[in-house]
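Please read the numbered points with the sequence and the model side by side.

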Amino acid sequence: MERTFLAIKPDGVQRKLIGDIIKRFETKGFTLVGLKFMSVSRELAEQHYDVHKERPFFSGLVEFITSGPIIAMVWEGDGVVAAARKVIGATNPLTAEPGTIRGDFGVSIGRNLIHGSDAIETAQREIALWFKDEELVNWQPTLTAWTYE
Ligand code: DAT
Ligand code: MG
């Protein structure tokens, strides 16, 4: 079963949007398999954003993600990587569609509330970076048959 890594960034936590954000993935039909409320070390932040290390906004990204607690999560389901990106919306909240998390709750690109893996291989790398195997829970919700045909 496909899995993706999602993280509610410090702005989402500070603005008390944790419940609203998680609810969208639950009601969509995806399954939570890992969750932790945590501070992010500079080292972990730099590894997570390694792909952006040459970009001018890299240091700002690292500063921001380490500026307050975050919620790190792994979600599971058919097509969850691409579907979660759609639920999240475009990188810039100003152009993100209404109905998406960023479109409904954000304005600035540097305060876009949530991270989501952009591809299956990225998800595998990010899940391994953020979670130990024993922190992930293998389970099947009893309602699965009412969500999956
Ligand atoms: P996404 O988070 O939609 O996957 P990304 O991986 O391209 O977007 O960039 C990672 C984060 O970096 C993004 O959530 C916000 C920030 N960012 C991206 N482009 C930026 C830009 N042009 N100026 C400032 N911050 C930017
Ligand atoms: Mg990205």
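**Notes on the predicted model**

1. Helix α4 (residues 58–65) has F58, L61, V62, F64 and I65 as buried residues; buried means under 20% relative accessible area, exposed over 50%, and partly exposed in between, with a 1.4 Å probe and protein chains only. Viewed down the axis of α4, these buried residues fall within an arc of 165°, so they line one face of the helix. The arc is that of the directions from the helix axis to the C-beta atoms. The partners against which the buried residues of α4 pack are α1 (10–14), α3 (42–48) and β3 (70–76). Contact here means heavy atoms within 4.5 Å.

2. On conventions, this is a predicted model, in which local features need pLDDT of at least 70 and side-chain atom pairs count only at pLDDT 80 or more, while totals for chains, interfaces and linings use all residues. Residues are numbered from 1 along each chain as its sequence is written, chains are lettered from A and ligands numbered from 1 in the order in which they are written, and side-chain values use heavy atoms, with hydrogens and water left out.

3. As for the overall fold, the chain holds 8 helices and 4 strands, and from the N terminus on its elements run β-α-α-β-α-α-β-α-α-β-α-α. Helices (H or I, at least four residues) and strands (E, at least two) are DSSP runs, numbered from the N terminus. The radius of gyration of the chain is 15 Å, close to the 15 Å that the globule rule gives for 149 residues, so the chain is as compact as a globular protein of that length. That radius is taken over C-alpha atoms, and the globule rule is 2.2 Å times the number of residues to the power 0.38.

4. Along its principal axes, the C-alpha trace spans about 45 × 35 × 25 Å. Of the 149 residues, 43% count as buried. The chain exposes about 8,500 Å², of which carbon and sulfur atoms supply 53%; accessible areas come from the Shrake-Rupley method with a 1.4 Å probe, and for residues only the protein chains shown count as cover. Among contacts between residues at least 6 apart in sequence, 77% join residues at least 24 apart.

5. V13 lies in helix α1 and is buried, with a relative accessible area of 12%. Not counting residues up to four places away in sequence, V13 touches I8, I18, F37, P69, I70 and I71. T31, in strand β2 (residues 31–38), is buried at a relative accessible area of 10%. Beyond its neighbours within four places in sequence, T31 is in contact with V74, W75, E76, W139 and P141.

6. The structure holds 6 salt bridges, a salt bridge being a side-chain nitrogen of Lys or Arg within 4 Å of a carboxyl oxygen of Asp or Glu. In one of them R3 pairs with E76, the closest N and O atoms being 2.8 Å apart. This pair links distant parts of the chain, with R3 in strand β1 (residues 3–8) and E76 in strand β3, 73 residues apart. R3 is partly exposed, with a relative accessible area of 21%, whereas E76 is buried at 12%.

7. E135 forms a salt bridge with K36, and the closest N and O atoms are 2.8 Å apart. Here too distant parts of the chain are linked: E135 is in the loop between α7 and α8 (144–147), and K36 is in strand β2, 99 residues apart. E135 is partly exposed, with a relative accessible area of 30%.

8. Within helix α3, E46 and R42 lie 4 residues apart, about one turn of the helix, and their side chains meet in a salt bridge (3.9 Å, N to O). E46 counts as partly exposed at 35% relative accessibility, as does R42 at 42%. Salt bridges that share partners join R42, E46 and E63 into one network.

9. Which charged residue is buried yet has no salt bridge? It is E126, whose nearest side chain of opposite charge, R125, is 5.0 Å away. For charge, Lys and Arg count as positive and Asp and Glu as negative, while His and the chain ends are not counted. E126 is found in helix α7 (residues 120–130). Leaving aside its neighbours within four places in sequence, E126 is in contact with F5, H48, H115 and S117.
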